[in-house]
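Welcome! Please open the structure in your viewer, and let's walk through it together.

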Amino acid sequence: MEKRQYTQEEKKVLKSMFIRSHLTFLSFNMTKMEANGFTATMQPAIESIYGNDEEAKKEAYARHQNFFNTHAVPFAFIAGLAYAMEKEHKEKGSIDGQMIESIKAALMGPTAGMFDSMFFNCLRIIAAGIAIGLCSQGNFLGVPIFILLYGVTQSIGKYIFLHLGYTYGTSFIDQIFSSGLMTTLTKSASVLGLMMVGAMTATTVNVPLNWTINIGQTSVIVGDVVNSIFPGILSIGLLFLLMSLIRKGKRPIQLIVGIFAVAMIGALVGIF
């Protein structure tokens, strides 16, 4: 892979793009989704590359205002890649505007799926599991640890991938896909994410069934009997029940109100 050497101007542009890449969801809407955030991120590059060429700048801005949506980390990679392609378009003309749009569109779906699995479905759950455990014990470190593990790591990822996108251009993504590395990472992240979901369910979802049955002089607590047969079965059952209701179109707020109502009634009659 051909590696670029940064000039002072390029360093300045990349620094500005990195800061602006945190505006991923700027004016997010269902028509263009992240297009506004992507255009804002590309602004330093467009201004640097096209200078006083107003028509070329208009075309570039319009180009990046097309529909765009991916995870926040590869968002920076595609922005860096777009910077490299815009520069190639201006200086050599070997890449046209349509090709830039096509490459952006081609990368949106695969990168969104891969990085959603790694960050949203895996790292977020791990970070939340650690943070919730600390917060439930009254430890104030829970919140900053979550921000550090989930938020700061994404910011570091943005910085790295922005520079990778610009430095290596299109050859980088070709090598990653051809090596099969991303497929392995995605599968591993998905498995780890599912394990963490199961672990969080077991440790944070609690169904305190205190229903007591009196048989002669003996009292039997139903919850203890059920847990002795299959520990945590009530928690798992509640989880799958809620998932089933969500799939049937029930809204989360309806489920929360329903759980609250059942809990209140159950507590009044002595079930919980």
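You are looking at a predicted model, in which local features need pLDDT of at least 70, side-chain atom pairs count only at pLDDT 80 or more, and totals for chains, interfaces and linings use all residues. Residues are numbered from 1 along each chain as its sequence is written, and side-chain values use heavy atoms, with hydrogens and water left out.

Start with the cartoon view of the whole chain. It holds 11 helices and two strands (DSSP runs, H or I of at least four residues for helices, E of at least two for strands, numbered from the N terminus). From the N terminus, the order is α-α-α-α-α-α-α-α-β-β-α-α-α. Of the 272 residues, 35% are buried (under 20% relative accessible area, with a 1.4 Å probe and protein chains only).

Next, select residues 97-136, which form helix α5. Where is the kink in α5 centred? Look at Asp116: the kink there is about 40 degrees (the angle between axes fitted to the seven residues ending there and the seven starting there).

Finally, show side chains: residues including Ile78, Leu81 and Met85 in α4 meet residues of α5, among them Ile103, Leu107 and Phe115 (contact means heavy atoms within 4.5 Å).

Key:
Buried means under 20% relative accessible area, exposed over 50%, partly exposed in between (1.4 Å probe, protein chains only).
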